[in-house]
Amino acid sequence: MRVRYIAAVCLVAALAVTVSAATAAPSRSTASSITVWLQTDAQNGWPDIVASVNSQFEKDHPGVKVNVQYQQWTQHLTKFDATLAGGNAPDVIEMGNSEMTKYMAAGAFQDITSSKSSFANSSNWLSGLQKAATYGGHLYGVPYYAGSRVVTYRTDLFKKAGISKPPTSLAQFTVDAKKLAAKNTAKGFSPVYIAGPDWYVAMGFVYDYGGQIAKTFKGKWVGTLNSPKAIAGLTAYKNFFNVASHASKTQDEAHPFPYTVYAQGLVGAMPGPTWVTCCNLLGKYTKASAQFVMPSHTAGKPMPGFLGGSDLAVPVGANKALAVDWIKDFTDTATEKALQAKGNIPNATNLLGDSVNERAAARSWFIPSSKNWVNVENGNILRSMLTQILTGKLTVKQAATFASQNITSVLNG
Amino acid sequence: MSSSQVPDRAAVAAEITPPWSRRRRRSPWQRAGNSSVPYLLVLPVLAAIGAVLAYPLYKLVVISFQKYGLFELIRRHGTWVGLDNYRSVLGDGVFWRTLERTVVFTIANVGLTMLLGTLIALLLVRVSSLVRVLLTVGLVLVWSMPVVVAVQVWYWMTNYQNGVLNYFLTEVHLGDYFQHDWYATNFSKLAMVTALIVWGAIPFVTITVYAGLAQVPSELVEAAEIDGAGPLRVFRDVTFPVLKPILLILTSLSIIWDFGVFAQPWLLVTASGWNASNYLMGVYVYIEGYAHSDFGRGAAISLLMLLIVALLSVFYVRQMVKTEEAG
């Protein structure tokens, strides 16, 4: 008898746990404070800029406190959803440019079209970031900064392998990779470290060969990775990976981070964001590191890189006036110049300089602007395809065709 | 029901009923007051359960009949769509393949947990007290390790680039495991998750079964041994019948935990390793509900999961109750 009761209690308790519940914690803003969600990039890379903007803002708005909460890319949307449901969303949120469409379509942000002219350099905003923040002709976000992708490399190892200058074509880079491999026989050494399923790198090859991920045709999305040009790009990626990288063919570029392997001295060069040299090499090889633009298969041109970037948006229910004022301070010319000095691309063309980052941005590609694109990323359609190609489980054509069909159905879903 | 419980109940009643109430005649008012006391005492618990369990469950049921995406989330009310969510989930091949995979996964996990847990418990009885203490401490440490920490350590150990497991296996000349990818295929991914879950679940099973073993009458074991029964026979005919109710509870709890498990697989395989060909139910419901922001569909899937687990549990509880009554 007793066992029966215990069993019943245990079962009820355990069943309750299987029904998941979301949690939300952030504070509700009042007129005397605003809550700002920035990514940890700002926390690690430019906390000083954030602090000085906040003190300026608080001076201009006596009695208003700025409460900055740092978020991680992988989790911030789940948290944001929870705050939207709870009616306590932040006043300003940093959104990746690839994340904007879905939320604009759902009406998560306030329309700030009428304030556009009051933001500094707004007539020269980078078109990629401005497009990502525009929906149905209305503006829902302010460009914050962009980042292109470059190749970080070990100058000492290049010199030792007899490579006098950075490669200017993919063919040259392949030859250099072989030279690096011949001089560095340590087990697990990658002349050019690329995590197999790193689709940001792989899609650069696709766009370099004239392919693309998807296009619209008669108002519908069509996956185009199985087009001859895209297949040529994917094949080039496979060939380059096989020569240059000893990274896992299944683990993504966060497991481990390429710069961790680089700091262990097992990498000759690695494509990735610009800021790795400033912040992530654990103090190793920072002097012996330099960067160049990833070369195209067409000699002399850069390979198109993923143009990542962030927009600042004002969620529904936020204090719009204060939020817009804070964004104005955070994207003014002085702040953008300071961000540029940290290795980022500023938000407007009239501020652009001639750094390796900015030269790399000359040719770039961007994800299809469908509100369902996030589901392609969540479903790991591209990563799975790359793993299938690299492990030889499927041919390039089979894997690309399968992925393309999936993309078509997800984007139109 | 055994007859031995009747005097028990009378004794309990005698204890909780104040002596005066048995002597005096009670007014109907008093009688009503007395009989409602237990209910009043239970009330706070019911209120708490209602707040943290019943209301969310009710919300979940409501949302499962609605179109409830990001658009509806922001406006905080969904559109009624009847059975559409259930229809779309049940008509989705991914759901059925995920269910199949999860059932196999659960059987493997629960089977291994119960087998290894029971074997270690039997071992505990036989070893010297020093070894028993060491073993118990080890088990408790495993049990007290937070899941997230365990996953992280496990992941480091099995890491492709720098994992100590690959290093160790290569050093002891079990083959060249340099840069061996333990997460290369769907099977190996789920096998790693299984290893982690079983490792984490063994202590609970072992310690509970060990406690149960203390109830096995040693004179019965002795008698069986004198009659010439081998260790297997003793286990089957003497130990097992005593342990049976405990093993049934442990099995049904393990099924509930492993069927809906989320933290270990999600963190170990990492978000980028999941795709439609290797989902488990816990991961599937997260992807459909949260990642795709389709909360209506997510709610429908979690209710279907609840139903499946409840059905499985009913079977075990019935078994358990039968055993109790037979005993």
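Among contacts in chain B between residues at least 6 apart in sequence, what percentage joins residues at least 24 apart?

Analyst: The percentage is 65%, where contact means heavy atoms within 4.5 Å. This is a predicted model, in which local features need pLDDT of at least 70, side-chain atom pairs count only at pLDDT 80 or more, and totals for chains, interfaces and linings use all residues; side-chain values use heavy atoms, with hydrogens and water left out. Residues are numbered from 1 along each chain as its sequence is written, while chains are lettered from A and ligands numbered from 1 in the order in which they are written.

Chain B has 327 residues, and 39% of them are buried (under 20% relative accessible area; over 50% is exposed and in between is partly exposed, with a 1.4 Å probe and protein chains only). Its secondary structure consists of 15 helices and two strands (DSSP runs numbered from the N terminus, H or I of at least four residues for helices and E of at least two for strands).

Chain B is divided into domain 1, residues 19-64, and domain 2, residues 81-326; such bounds come from an automatic or database domain assignment. The C-alpha centres of these two domains of chain B lie 37 Å apart. Five residues of domain 1 of chain B are in contact with 10 residues of domain 2 of chain B. Between them the two domains of chain B bury about 490 Å², 71% of it on carbon and sulfur atoms; this buried area is the accessible area (1.4 Å probe) that two parts lose on being put together, summed over both. On the domain 1 side of chain B, B:Leu60, B:Ile63 and B:Ser64 supply 83% of the area buried against domain 2 of chain B, more than any other three residues.

Zero salt bridges are counted between domain 1 of chain B and domain 2 of chain B (a side-chain nitrogen of Lys or Arg within 4 Å of a carboxyl oxygen of Asp or Glu). Two residue pairs, both residues at pLDDT 80 or more, are in polar contact across that domain interface of chain B. A polar contact is a pair of N or O atoms within 3.5 Å; within protein, one must be able to donate a hydrogen and the other to accept it, and residues adjacent in sequence count only if both atoms are side-chain atoms.

Next comes the interface with chain A. Here 49 residues of chain B are in contact with 47 residues of chain A, and the two chains bury about 4100 Å² between them, 62% of it on carbon and sulfur atoms. One salt bridge is counted between chain B and chain A: the side chains of B:Asp176 and A:Lys187 meet at 3.7 Å, N to O. The polar contacts between chain B and chain A come to 15 residue pairs, with both residues at pLDDT 80 or more.

Five helices of chain B, H3 (28-64), H4 (70-75), H12 (231-259), H14 (281-291) and H15 (295-326), each supply at least two residues of the side that touches chain A. H15(B) gives the largest share of that side, 10 residues. By class, the side of chain B that touches chain A has 31 nonpolar, 12 polar and six charged residues. In this scheme Ala, Val, Leu, Ile, Met, Phe, Trp, Tyr, Cys and Pro count as nonpolar, Asp, Glu, Lys and Arg as charged, and the others, Gly among them, as polar.
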